[in-house]
Amino acid sequence: DSPTVVALWGVTRTIANAALVLIVLWSGFNLIAREGFGASYPDMVELLPHLLFSALMVNTSLIWGKVAIDANNALCSAIGGATLPAWERADLGSQVLADLVAAVIYLVTSLLLLLQMLARLALVDILLVAAPIALACWVLPQTQGWTRLWSNLFLATVFTQFVQVLALKLGGSLLTELTPMAFDWALLSLFLGVAVMALTLKIPGLMRNHLGSGMGFVRYVVYRRA
């Protein structure tokens, strides 16, 4: 709902709609020239549904983006709030040397996690603004790779928050369960907290690498032609 995001999305939507006109002309050229070049290209019966669907998604992409973000927020709310594991142990004013080193490592890891989450918010905004152009690329086989890239990045970036909150929630609960088992609990809890946050930092990369092209949606609609 950011006014800046909505305004920029409006600009890219106008650009994408203009691009769709050019895509129609380019598609017409491909249809005419495909036999001369000996290249395969879908006929108008196959191309028209792609064009109409792309036009619909271009002009409603902000709505669907909001649906995805609201779904992620609802999932995060369902598991409850999560805090940084062992945060209360990272008191630099009352630490011996070993605990001090662990606390510094913990605070640096916390800062990296905070910066990553802020970068995620910025990337979500960029992807929302770029959505119309990315979805317009879906019409032509030559540019469908850009749509798959956008779809993969958007869904992975949005739902990364839920998986990270789940990891932090689970990590905090496990630390509480291990309290009676630890001899030097203060030091151990800091290192366990660092381990949990280090794993949380890796989640965005894992999701981008293994989520697939938009949870399989774009891959399905692009390749299901027969």
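**A tour from the second largest pocket**

Begin by selecting D1, S2, V5, V6, L62, K66, I69, D70, D125 and L128, the residues that line the second largest pocket. The model is predicted, so local features are reported at pLDDT of at least 70 and side-chain atom pairs only at pLDDT 80 or more, while totals for chains, interfaces and linings use all residues. Residues are numbered from 1 along each chain as its sequence is written, and side-chain values use heavy atoms, with hydrogens and water left out.

A pocket here is an open set of points on a 1 Å grid over the protein atoms alone, where a 1.4 Å probe fits, with protein on both sides within 12 Å along at least five of seven lines; lining residues have an atom within 4 Å of a point. The second largest pocket holds about 210 Å³ of space, a volume being the space filled by probe spheres set on the points, which are joined across faces, edges and corners.

Colour the helices next. α1 (3-37), α2 (44-79) and α3 (97-136) each give at least two residues to the lining of this pocket, and α2 provides the largest share, 4 residues. Helices are DSSP runs (H or I, at least four residues) and strands are runs of E (at least two), numbered from the N terminus. Coloured by class, the lining shows 5 nonpolar, 1 polar and 4 charged residues. In this scheme Ala, Val, Leu, Ile, Met, Phe, Trp, Tyr, Cys and Pro are nonpolar, Asp, Glu, Lys and Arg are charged, and the others, Gly among them, are polar.

**S61 in α2**

Stay in helix α2 and select S61. With a relative accessible area of 6%, S61 is buried (buried is under 20%, exposed over 50%, partly exposed in between, with a 1.4 Å probe and protein chains only). The side chains of S61 and W9 are joined by a polar contact of 2.7 Å. Such a contact is a pair of N or O atoms within 3.5 Å; within protein, one must be able to donate a hydrogen and the other to accept it, and residues adjacent in sequence count only if both atoms are side-chain atoms. Beyond residues up to four places away in sequence, S61 touches W9, A131, P132 and L135, where contact means heavy atoms within 4.5 Å.

Move to the loop between α2 and α3 and select G80. G80 is partly exposed, at 27% relative accessible area. G80 touches V165 and K169, residues up to four places away in sequence not being counted.

**T157 in α4**

Select T157 in helix α4 (residues 144-177). T157 counts as buried because its relative accessibility is 5%. The side chain of T157 reaches the backbone oxygen of L153 at 2.6 Å. Its contacts, leaving aside neighbours within four places in sequence, are R120, L123, V124 and L127.

**F191 in α5**

Continue to F191 in helix α5 (residues 185-210). F191 is partly exposed at 42% relative accessibility.

**The whole chain**

Finally, zoom out. The chain has 6 helices and 0 strands, in the order α-α-α-α-α-α along the sequence. Of its 226 residues, 38% count as buried. Among contacts with a separation of 6 or more, 80% are between residues 24 or more positions apart.
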